[in-house]
Amino acid sequence: MAEEASSAAPAAGTKMTMVVGVDDSEPSLYALRWTLQHFFPPVHLPPPQQYRLVVVTAMPSAAVGIAGPGALMDVRAFVESDLKRAAERVIDKAKDLCAQLQVSDAEFEALEGDARTVLCHAVERHRAEMLVVGSHGYGAIKRAVLGSVSDYCAHHAHCTVMIVKKPKHKY
């Protein structure tokens with residue numbers, strides 16, 4: 001039986017948990033950078049970090065439909081390997097960004113599944129008080145066709161959801 005995420009504040013002396021969802025997109029990495037700059041000051045500056053940081057990326061499942069003896073297994077293994085390498089690259093970028101901004105106390109997870117459900121489950125598993133995601137800025141039609149991770153999480157995550165949008169510069 002799954003445990004219900006607690007909405008109570010953590011005990012004194014413990015840090016609240018913040019989950020940040022990342023992928024290989026610019027809006028996602030911008031959201032992580034923004035979060036690190038605003039919630040995780042360098043260790044030599046007060047105040048001390050109030051949050052425990054968990055960075056999560058989702059790896060899509062390797063659904064392959066090629067027929068033939070041995071072909072399905074060979075292609076599936078190749079696709080799974082490629083998806084795993086892509087997730088590792090995303091995590092490496094997130095680790096580099098954390099290192100650049102002097103945030104050393106972070107956890108990183110690459111989990112298989114749809115990003116929407118992966119992030120909502122991560123919130124529950126870590127009992128997070130906040131989920132941060134980036135916004136791709138899709139219009140209504142694209143959002144309806146592709147599905148919006150941020151919209152889904154805003155409606156289904158059992159915590160505060162912050163959607164970070166990269167400002168558009170007008171010249």
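The largest nonpolar core of this predicted model holds 22 residues. Within this core, M18, V20, L32, L36, F40, L53 and V132 touch the most other members. Strand 1, helix 1, strand 2 (51-59), helix 2, strand 4 (130-134) and strand 5 (160-164) each supply at least two residues of the core. V132 illustrates the packing in the largest core. Leaving out residues up to four places away in sequence, V132 touches M18, V19, V20, G21, A31, T35, M162 and V164.

Five strands form an open sheet, and their order is 3-2-1-4-5. The pairing is parallel. Strand 3 and strand 5 stand at the edges. Each has a single partner strand, so one side of each is left without a neighbour in the sheet. From one strand to the next, the twist averages 25°. Strand 1 and strand 2 are joined by six bridges in the parallel sense. T17 has R52, in strand 2, as its bridge partner.

Helices pack against this sheet. Helix 1 lies across strand 1, strand 2, strand 4 and strand 5. Relative to strand 4, helix 1 runs at about 135°. Helix 5 (residues 149-156) also packs on the sheet, where it touches strand 4 and strand 5. The direction of helix 5 makes about 160° with that of strand 5.

Charged pairs were then considered. Side chains of opposite charge can pair when their charged atoms come close. Across the whole structure, a search finds seven salt bridges. One of them joins D24 to K93, with the closest N and O atoms 2.6 Å apart. D24 lies in the loop between strand 1 (16-21) and helix 1 (26-39), while K93 lies in helix 2 (residues 71-100), so the pair ties together parts that are 69 residues apart in sequence. K93 counts as partly exposed, at 38% relative accessibility.

A further salt bridge links the side chains of R125 and E109, with an N to O distance of 2.6 Å. R125 belongs to helix 3 (residues 115-126) and E109 to strand 3 (residues 106-112), so this pair ties together parts that are 16 residues apart in sequence. The accessibility of the two partners was also computed. R125 is partly exposed, with a relative accessible area of 44%. E109 is buried, at 15%.

D114 and R116 also form a salt bridge. Their closest N and O atoms are 2.9 Å apart. D114 is partly exposed, with a relative accessible area of 36%. R116 is partly exposed as well, at 22%.

Strand 3 also contains E112. E112 is exposed, because its relative accessible area of 56% is over 50%. Beyond residues up to four places away in sequence, E112 touches M59, P60, S61 and V118. E112 and K84 are 28 residues apart in sequence, and their C-alpha atoms are 9.1 Å apart in space.

Backbone geometry was examined at two loop positions. Most residues other than glycine have a negative phi. Q102 has a positive phi, near 60°. This residue is placed in the loop between helix 2 and strand 3. Q102 is partly exposed, with a relative accessible area of 38%. R127 likewise has a positive phi, near 55°. R127 lies in the loop between helix 3 and strand 4. At 34% relative accessibility, R127 counts as partly exposed.

The protein chain averages a pLDDT of 81, and 73% of the residues score at least 70. Helix 3 has the highest confidence, at 96. Helix 4 (residues 140-146) has the lowest, at a mean of 51. Over residues 1-7, the pLDDT is below 50. Beyond near neighbours in sequence, this stretch has four contacts in the model.

Key:
Residues are numbered from 1 along each chain as its sequence is written. This is a predicted model: local features need pLDDT of at least 70, side-chain atom pairs count only at pLDDT 80 or more; totals for chains, interfaces and linings use all residues. Side-chain values use heavy atoms; hydrogens and water are left out. A salt bridge is a side-chain nitrogen of Lys or Arg within 4 Å of a carboxyl oxygen of Asp or Glu. Helices (H or I, at least four residues) and strands (E, at least two) are DSSP runs, numbered from the N terminus. Buried means under 20% relative accessible area, exposed over 50%, partly exposed in between (1.4 Å probe, protein chains only). A nonpolar core is a set of buried Ala, Val, Leu, Ile, Met, Phe, Trp, Tyr and Cys residues joined through side-chain atoms within 4.5 Å. Contact means heavy atoms within 4.5 Å. Two strands pair if DSSP finds at least two bridges between them. Axes are lines fitted to C-alpha atoms, for helices over the stretch in contact, and angles run from 0 to 180 degrees between N-to-C directions. pLDDT is the predictor's confidence in each residue, from 0 to 100.
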